[in-house]
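Please look over the sequence and the fold shown below before reading on.

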Amino acid sequence: MLEITKKLVELLYLAPISDNHYRGDSQDLGFPHVFGGQVLGQALMAASHTVEGRLCHSMHAYFLRPGNQHMPIDYEVQRVRDGRSFSVRRVIARQDGKEILTGSMSFHVFEEGLEHQAEMPAAPDPETLRSEQDWGKMMASQAPEAIREIMTRDRPIEIRPVNPTNPFKPDKRPPHKQSWIRALGPLPNDPVLHRCLLTYASDFSFLGTSLNPHSVSFMNKELQAASLDHAIWFHRDFRMEDWLLYDKDSPSASSGRGFNRGNFFNQEGVLVASATQEALIRRR
């Protein structure tokens, strides 16, 4: 495993504190607060530690307060129900005694059933695209010195955007985005870890889909943006070392909130997961 990917995997594997309580470190990605995907991924890992023989098929979470990236996060798991084929867990993430996220996860035994899926949309091959890191290096001279290192640093999750925007000069576009994502290097054969990694990665560039029609980006000082909630559904097995197409759209923005949807397809066109998120997109 690559060292940079190993650090992310270690971040997601939590330390048990006591029965149903776990602790995770925080990662500084250069954002003002803890990256929401980190808290989502760790919360799912905490819940998964309390379930045997079943994998998460859906997760619904609310971001309650910004997280402090210089403090660890405590996760309390509540065992809501264990049925014959489904288990439900509730997770509360806290820092300094205050709740920063609450979420519910449902786990399901494997079973055969009816099958259908949406068709994979057209997208260029990932090998023909530049990574976000490459684009960051090309645009670093336009960026304030304080964020140049953030734009060019190595990352365990490689993202190759289709038709990327310039965050310093955003143009008006339809509310649709595509990117290919994968984890760098080989990973353990742990389906729980792969689900947690995809949950972590699903928060990257999601909120920005609802900004496309409005010619604004995170670099706009007049914009107040924050994720409010996040949901993800796992449909089929996948591996995070393999390229996944993240196809996103935003069907609505109103009342200072933007709604975003996303589907993950592997390169064979199989729909493996879906996500939704509503975000605060307020002009100050």
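The axes of helix H1 (residues 3-12) and helix H5 come within 11 Å and cross at roughly 100 degrees, where axes are lines fitted to C-alpha atoms, for helices over the stretch in contact, and angles run from 0 to 180 degrees between N-to-C directions. On the H1 side Leu-8, Val-9 and Leu-12 take part, and they meet Leu-193, Cys-196, Leu-197 and Tyr-200 in H5; contact here means heavy atoms within 4.5 Å. Helices (H or I, at least four residues) and strands (E, at least two) are DSSP runs, numbered from the N terminus.

The model is a predicted one, in which local features need pLDDT of at least 70 and side-chain atom pairs count only at pLDDT 80 or more, while totals for chains, interfaces and linings use all residues. Residues are numbered from 1 along each chain as its sequence is written, and side-chain values use heavy atoms, with hydrogens and water left out.

The contact involves Gly-37, Gln-38, Leu-40, Gly-41, Leu-44, Met-45 and Ser-48 of H2, together with Val-192, Leu-193, Arg-195, Cys-196, Thr-199 and Tyr-200 of H5.

How many of the eleven residues of H5 (residues 191-201) are buried? Ten of them are, so the helix is largely enclosed by the rest of the structure; buried means under 20% relative accessible area, exposed over 50%, and partly exposed in between (1.4 Å probe, protein chains only). Among these buried residues are His-194, Arg-195, Leu-198 and Ala-201. At the start of H5, a side-chain oxygen of Asp-190 lies within 3.0 Å of the backbone nitrogen of Val-192.

We turn now to the sheet. Strands of a sheet pair through backbone hydrogen bonds, either parallel or antiparallel. In this model twelve strands form an open sheet in the order E1-E2-E4-E5-E6-E3-E9-E12-E11-E10-E8-E7, with antiparallel pairing; two strands count as paired if DSSP finds at least two bridges between them. Its edge strands are E1 (15-18) and E7 (157-162), each of which pairs on one side only, and the twist averages 25 degrees from one strand to the next.

Within this order, strand E4 (residues 73-82) is joined by eight bridges to strand E5 (residues 86-95), and the two run antiparallel. Gln-78 has Arg-90 in E5 as its bridge partner, and three residues lie between the two strands of this hairpin. E5 then pairs in the antiparallel sense with strand E6 (residues 98-108) over ten bridges, where Ser-87 stands opposite Phe-107 in E6. This second hairpin has two residues between its strands, and Asp-96 in the turn has a positive phi of about 55 degrees.

Further along the sheet, strand E3 (residues 55-63) pairs with E6 in the antiparallel sense over eight bridges, with His-60 partnered by Ser-104 in E6. E3 also pairs with E9, again in the antiparallel sense, over five bridges, and Met-59 has Ile-232 in E9 as its bridge partner. Strand E9 (residues 223-234) is in turn joined by eleven bridges to strand E12 (residues 271-283), which runs antiparallel to it, and His-230 has Gln-277 in E12 as its bridge partner.

Two single residues complete the tour. Ala-226 is found in strand E9 and is partly exposed, with a relative accessible area of 33%. Leaving aside its neighbours within four places in sequence, Ala-226 is in contact with Leu-207, Ala-279 and Leu-280. Ser-217, by comparison, has its place in the loop between H5 and E9, and is buried, with a relative accessible area of 10%. Not counting residues up to four places away in sequence, Ser-217 touches Pro-167, Pro-170, Leu-211 and Leu-223.

Technical notes:
A polar contact is a pair of N or O atoms within 3.5 Å; within protein, one must be able to donate a hydrogen and the other to accept it, and residues adjacent in sequence count only if both atoms are side-chain atoms.
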